[in-house]
Amino acid sequence: MLFSSFQLGPVTLDNRVAMAPMTRSRTSQPGDVPNDMMATYYAQRANAGLIITEGAPVSDVARGYSMTPGIYTQAHIDGWKKVTDAVHAQGGKIYIQLWHVGRRSHEVIAGETPLSASAVKVPDQVFGPLAEGGFGMIETSQPRAMTKQDIEQTIADFVQAAKNSIEAGFDGVEIHGAHGYLFDQFMRKASNQRTDEYGGCAQNRLRFLIETLDAVGEVIGRDRVAVRLSPHVMEGDGTVDDEIEQLVIELAKHFAATPLAYLHLSENISNYLPVPDEFRKTLRDEYKGTIMVAGKLTKESAQQLLASGLVDLCAFGTPYVTNPDLVARFKQDWPLAEFDADARLSLYGGSEQGYIDYPNYSV
């Protein structure tokens, strides 16, 4: 099943392998503009049924990592057009991941105090400018709680970013609601201590994300809007949120009648819990739309998930860093180039080395 075609909204995918979103920090400066090197990188990996780009901040304040490609200026749109044109020329399909990091930022990156559901700071580091020069990991700033006006502006930012994405040639958008970023901060009890309509009960903590998904779906079509979630990855202070699974199920119920392009579950990374079979079964029972899973998958484990009927698409992250021809390697049972210490060192920032110089397999 991994190599069978799949209908995703208005586009047909050549296979069920997705390239997962991965921050690479290779933009042109000033302006964090996508460039020719990025176009080459994504085009090399267009063998994936679907590429999901690295996270693209929807505004200045949404930004939490330096040198990440935005989608809120005309220069960003023009830069991303190079990427989509290159991928489509190879027969690939590509979604952009729309990103707001919330509290996972620093004032020198965002240009102002980072925003969050509540003014709750946890120990955390992001990729930004160092005091001694250059870039590296820096501690995040104390966030402030978003006002209703902030929330309305952020929804508007996502809507405009989605419009920009379609203008740039993307086949759809994935809204990042995972990994302790803004929407995840609203969903989790530890980071959301609000007492208004965006805090408290599960319905309220989901409200911001649902309103954003609905608003974006109205302007580009719900079948071109996806969302990424990570209910089994522990964020913030590392405590287990005993309601986060149920929030994901409630989100699925909300979109059951008119499904999104897909629900994307990020699993088995960082500080995580195993995913219970019962959760997968309940999610499938409540949601008949497309479900994607990512997280340390192998060809074999991906095939098993697809065969179970509980998952429709399987996404691979770091294997695509060092294996631009990943689908061919899977199909032919060729060995994979290891994602080793050297590859990890070149993950964020830098030049073509460790980015577009990984070769295809040579028989």
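I count a salt bridge when a side-chain nitrogen of Lys or Arg lies within 4 Å of a carboxyl oxygen of Asp or Glu. Searching the whole structure, I find 18 salt bridges.

I note that this is a predicted model, where local features need pLDDT of at least 70, side-chain atom pairs count only at pLDDT 80 or more, and totals for chains, interfaces and linings use all residues. Residues are numbered from 1 along each chain as its sequence is written, and side-chain values use heavy atoms, with hydrogens and water left out.

I looked up K82. K82 forms a salt bridge with D36, with the closest N and O atoms 3.4 Å apart. This pair links distant parts of the chain: K82 sits in helix α2 (residues 74–89) and D36 in helix α1 (residues 36–44), 46 residues apart. Helices are DSSP runs of H or I, at least four residues, and strands are runs of E, at least two, numbered from the N terminus.

Next, R194. Its side chain meets that of D196 in a salt bridge at 2.8 Å, N to O. R194 counts as buried at 12% relative accessibility, while D196 is partly exposed at 28%. Buried means under 20% relative accessible area, exposed over 50%, and partly exposed in between (1.4 Å probe, protein chains only).

Then I checked S118. S118 lies in the loop between β6 (115–116) and β7 (125–129). S118 is buried, at 7% relative accessible area. Not counting residues up to four places away in sequence, S118 touches P143, A145, S191, N192, Q193 and R194; contact means heavy atoms within 4.5 Å.
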